[in-house]
Amino acid sequence: MYELLQQLLGDSLLVYVIGAALPLLFILPYALITVLLEMKVSAHMQDRVAYMYTGWHGVLQPVADIVKLLQKEDTIPGVADKTLFRLAPYLVFMGSYAGFAAIPFSSAYIGSDIDLGVFYIVAITSLAVIGILMAGWASNNKWSLFGAMRSAAQIVSYEIPTALSILVAVMITGSLNLQDVAHFQDGGFWNWVVFGGPLPLTQKLLLLPFTLVSFFILFIAGIAEVNRTPFDLPEAESELVQGYNTEYSGMKFAIFYLAEYANVFLVSAIVVSLYLGGWTSPFGEFMSGPIWGFFWFVTKGMFFVFMQIWIRWTLPRLRVDQLMYTSWKVLTPFLFVCIFAVGFILVW
Amino acid sequence: MIETRTLPTRYVTHPGEIKTSSGKTLRTDEMIINMGPQHPSTHGVLRLEVVLDGEIVVDVIPHIGYLHRCFEKHAEHMTNYQQVIPYCDRMDYLASMNNDWGYALAIERLMKIEVPPRVEYIRVIMAELQRIASHLIAIGTYGIDMGAFTPFLWCFRDRERILDLFEMTCGARLLYNYIWVGGLSHDLPTGFVEKAKAFCAYFKPNIKELNDVLSYNEIFVKRTANVGVLPADVAINYACSGPMLRASGVNFDLRRDDPYGVYDKFEWEVVVGKGEMGTVGDCWDRYMVRVREMEQSVRIIEQALAQLPEGNVQAAIPKRIRPDAGEIYVRTESPRGELGFYVVSDGSGTPYRIKARSPAFVNLSVLPEISRGCMLADLVAIVGSIDIVLGEVDR
Amino acid sequence: MTTEEIVQLLQSRCGNAIVEAKLEVPQPFVVVDSRRMREVAFVLRDEEALQFDYCSCVSGVDYNDGRLGAIYHLYSTIHRHKIVLKAFCTKENPHIQSVTAVWGGANWHEREAYDLLGIIFDAHPDLRRILLPYDWEGYPLRKDYKVPEFYNGMKVPY
């Protein structure tokens, strides 16, 4: 992609700016569609129809929402720390947006083809914690501070299971570069890491239970990292009003939401890239190629986005101690077993 | 002399100071936050002054009165006993029928009026429908408190059916003014009985559906079992009533134990908390008692509809109600518990003094006792399980 | 137990703390010395044969003859009998002993009676206004109550 741009525009700064902005072309329409999807899915789960008036079956409602949020007065509490207050939403969004740089959308496009891709994503998405803490502190509101503190504790705790379950996949694929991971799994759904990868059959069968477990744990920990139900304690509406974004309005609030939806896809993208073959076609050579690769990647990603929405509107919320219990006493020990077993099987 | 005992707490707080691993002492402070009057889970305009040590609740001080509309003062200034009924509607706006009945019953007992049998049956049907509607809100909003949004709208969907029945009967969906002293404002409309029967048939499977998605949900049980345990002796000492008292294992229901209406003619059971998921009297029990009471209410409605006699819907009472000088305290079982009306008459056409003993008011007063030493999220669970309606707490 | 037996037992236990007993009205009541309310309450709750453990309601009444009254509706969840207690005080000296230590349920009812009628319940742990704002003046349910012209600069009757 960069080579193409460089051929067209020469070696200038513009190339990098355009290159950096490319994921936005995906995220912005994706966010609009997901907002609509979330509303429609939740509505049909609840015996409602959701919006019906803006366009056909209300499909233009997210656009109308954006226009409304743009017009809204941007209030900042008088006693807030104004610099941090303004900075926080952008930092939160930056954390998740930077993660997209190492995500392979197709065999022909990856923002930055670095060898430490997964490591980079895990590291850079942690930046969002600082943004959230900043938002909670700067709001000068006790509820916001509560939300921010909970969020920091939660994200830091769930980094461990996330990293460990990523490790399981990395041990099998032998690479931290997501593009290589995807190439490794090419050739049909039976080659996906969740089914043991393209290894000999006996090894695959032995690996299967452990890869399945770590796949589910990665998904669960991912949901917790993006603060969605049942792990939405930082913004638990019925407890903390809205948590760290209580005091935000207008465009800043919209950016928090954009970051949340970007994160939702990022989690799905990591799960898909590591365990479900990334952009590879599930049917081997059939329907494969760069364009189809993008299609498959987005389809798989959106399936997990849908799963997250489904879970969100079904389950109640955990309590703080139960959340920590789940992370430290359930998910992490399971993953230690998985790592040990996978390592043993691979070496043996 | 025995004072009320202090309940054991779930979590231990360390106000003052904590020791770090390096041996230093850190001074810590309690945080006082205001939960409400505008807070999503205080169910109205309740304000809780919460003293927190981290996430752990050290003390709770409820402040009420934000919705005080001077019911008792208004009642003294009416020109007629019947005029008080619309004000009763507005007390517990989720269970107006039960409030109307409570007041009407007090005046009828004061004047020794016998109401026709058809009136008694219709009153039972209305009160039980209203009980289901009220419990549906309690259960649904409790789901929201726990973070489960979907059951809330399922409950509202079913409640709409009940409100449709009420609208069909008296034209109003929330504040009915239907049960009057000496009878009803008018008879049931044609087709009501069939529609009510259809509702009962429609509603029964929905309770099972609700249980599947919420009541026995692992996370929900974890959040509510063993939380906010109210032992039976404390519940009685604090005069808790209704589902709150029954969940603590006290088999007491005014419909059976201080009979009024025609409840003795039907087969139904008093639902008592058994502590299936944890301790008797925890939040899950309080929640589940409401779910099971809805099943019993459906049973009562079905029987009442089958036995509904023909007849007059207004007893022969004087146009202007003028009870003899005297006083009476009448209590009925509203969805939230013991709804009492203490009426003092001086022989004139206006009430001399009416005191409404609202169940949620008394139930709420036990909140500080049962929520000390729980977590902030548990406090939300406890407030939700008490099922307060601030219109009734503040009157 | 019938009401007569309850009253007899009470009179034998509390002596002259029981001022009067009226049995011929639909809901019989016992008038108690307002300064010895708590003592009577403990007997009512703890006596084996009485066990009035449930205080349904406490209502304040202004009788418009210089007297204020607190009416207690009691019930026993064990023996399933009822009794009504009454305690009177004057408007000039509106003191009645609190029974909150006996029945926790009386706590908020007594606060309400204090709030709306100005009856001061002695030894109440937390006697504050409950329904009205903390800086409200006067007791609205007294029959001689005049609605104030202004509250915090806001016009009240409108």
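**Conventions.** I number residues from 1 along each chain as its sequence is written, and I letter chains from A and number ligands from 1 in the order in which they are written. Because the model is predicted, local features need pLDDT of at least 70 and side-chain atom pairs count only at pLDDT 80 or more, while totals for chains, interfaces and linings use all residues.

**Confidence.** I noted that the predictor gives the complex an ipTM of 0.88 and a pTM of 0.87.

**B with C.** I found 30 residues from chain B and 26 residues from chain C in this contact. On the side of chain B, the elements giving two or more residues are α1 (71-76), α8 (232-237), β8 (326-334), β9 (337-345), β10 (353-357) and α12 (359-364); helices (H or I, at least four residues) and strands (E, at least two) are DSSP runs, numbered from the N terminus. I sorted that side of chain B into 13 nonpolar, seven polar and 10 charged residues, where Ala, Val, Leu, Ile, Met, Phe, Trp, Tyr, Cys and Pro count as nonpolar, Asp, Glu, Lys and Arg as charged, and the others, Gly among them, as polar.

**B with A.** Here I found 25 residues from chain B and 22 residues from chain A. At least two residues each come from β3, α4 (117-145), α5 (150-170), α7 (218-224) and α14 (376-386) of chain B, and the side of chain B that touches chain A has 15 nonpolar, five polar and five charged residues.

**Strand β4 of chain B.** A residue is buried if 20 or more other C-beta atoms lie within 10 Å of its own, C-beta atoms being placed from the backbone. Strand β3 (residues 31-35) of chain B runs antiparallel to β4(B) and is joined to β4(B) by five bridges, with B:M35 opposite B:L48; strands pair if DSSP finds at least two bridges between them. On β5 (residues 56-63) of chain B I counted seven bridges to β4(B), again antiparallel, and in their hairpin, with two residues between the strands, B:G54 takes a positive phi near 65 degrees.

**Chain C.** I recorded three helices and nine strands, in the order α-β-β-α-β-β-β-β-α-β-β-β from the N terminus on. Buried residues make up 41% of the 158 residues in chain C.

**Strand β4 of chain C.** Eight of the nine residues of this strand (67-75) are buried. Antiparallel to β4(C) run β3 (residues 54-62) of chain C, joined by eight bridges, and β5 (residues 82-90) of chain C, joined by nine bridges. I noted that C:C57 has C:H73 as its bridge partner and that C:G69 stands opposite C:F88.

Notes
Two residues are in contact if their C-beta atoms, placed from the backbone, lie within 7 Å. A residue is buried if 20 or more other C-beta atoms lie within 10 Å of its own, exposed if 12 or fewer, and partly exposed in between; C-beta atoms are placed from the backbone.
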